[in-house]
Amino acid sequence: MPGIELVIVESPYRELIRPLIRYLEAVAERDPSTLTVVLLPERILRHWWERFLYNQNAHRIRDALTGHPGIIVADVPFRRTAGA
């Protein structure tokens with residue numbers, strides 16, 4: 001979509017939260033009026049025990065970003081198809 005920038009934040013040591021927070025703080029520092037939307041894919045689970053296997057990173061990211069001004073966290077639910 002025009003006007004929407006997709007940014008991939010790389011992390012050489014498989015760290016997840018700190019590099020993302022650093023990037024978002026740098027963006028906010030450049031332009032405090034910027035509104036940032038972080039999309040978190042969330043798998044729709046079929047069984048109760050799948051809670052332990054999936055969506056853990058999404059929960060950690062959401063918890064870390066809660067309360068940061070100018071950041072909106074949006075869950076994007078998806079269902080894995082039977083054949084995939």
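**Exercise 1.** How much space lies in the second largest pocket? Then say which residues line the second largest pocket and sort them by type.

*Solution.* The model is a predicted one.
- Step 1: Take the volume. The second largest pocket holds about 160 Å³ of space.
- Step 2: List the lining. The residues are L24, E25, V27, A28, D31, P32, T34, T36, H68, P69, G70 and I71.
- Step 3: Sort them. Six are nonpolar, four are polar and two are charged.
- Step 4: Find the main contributor. Helix 1 gives the most to this lining, with four residues.

**Exercise 2.** Describe helix 1: its span, its buried residues and what covers them.

*Solution.*
- Step 1: Check the span. Helix 1 runs over residues 17-30, which is 14 residues. From first C-alpha to last it reaches 20 Å, close to the 20 Å expected at 1.5 Å a residue.
- Step 2: Pick out the buried residues, those under 20% relative accessible area. In helix 1 they are P19, L20, I21, L24 and V27.
- Step 3: Look for spacing. Residues three or four places apart point the same way, because an α-helix has 3.6 residues a turn.
- Step 4: Name the cover. It includes strand 1 (36-43), helix 2 (56-65) and strand 2 (71-78).

**Exercise 3.** What lines the largest pocket, and which residues are closest to its centre?

*Solution.*
- Step 1: Take the volume. The largest pocket holds about 760 Å³ of space.
- Step 2: Go to the centre. Of the 24 lining residues, E5, V7, T36, V37 and V38 are the closest to it.
- Step 3: Assign elements. Helix 1 and strand 1 each give two or more residues to the lining. Helix 1 gives the most, with six.
- Step 4: Sort the lining. It has 17 nonpolar, three polar and four charged residues.

How values were computed:
Residues are numbered from 1 along each chain as its sequence is written. This is a predicted model: local features need pLDDT of at least 70, side-chain atom pairs count only at pLDDT 80 or more; totals for chains, interfaces and linings use all residues. Side-chain values use heavy atoms; hydrogens and water are left out. The expected span of a helix is 1.5 Å times one less than its number of residues. Buried means under 20% relative accessible area, exposed over 50%, partly exposed in between (1.4 Å probe, protein chains only). Contact means heavy atoms within 4.5 Å. On a 1 Å grid over the protein atoms alone, a cavity is a set of points where a 1.4 Å probe fits but cannot get out, and a pocket is an open set with protein on both sides within 12 Å along at least five of seven lines; lining residues have an atom within 4 Å of a point. Grid points are joined across faces, edges and corners, and a volume is the space filled by probe spheres set on the points. Ala, Val, Leu, Ile, Met, Phe, Trp, Tyr, Cys and Pro count as nonpolar, Asp, Glu, Lys and Arg as charged, and the others, Gly among them, as polar.
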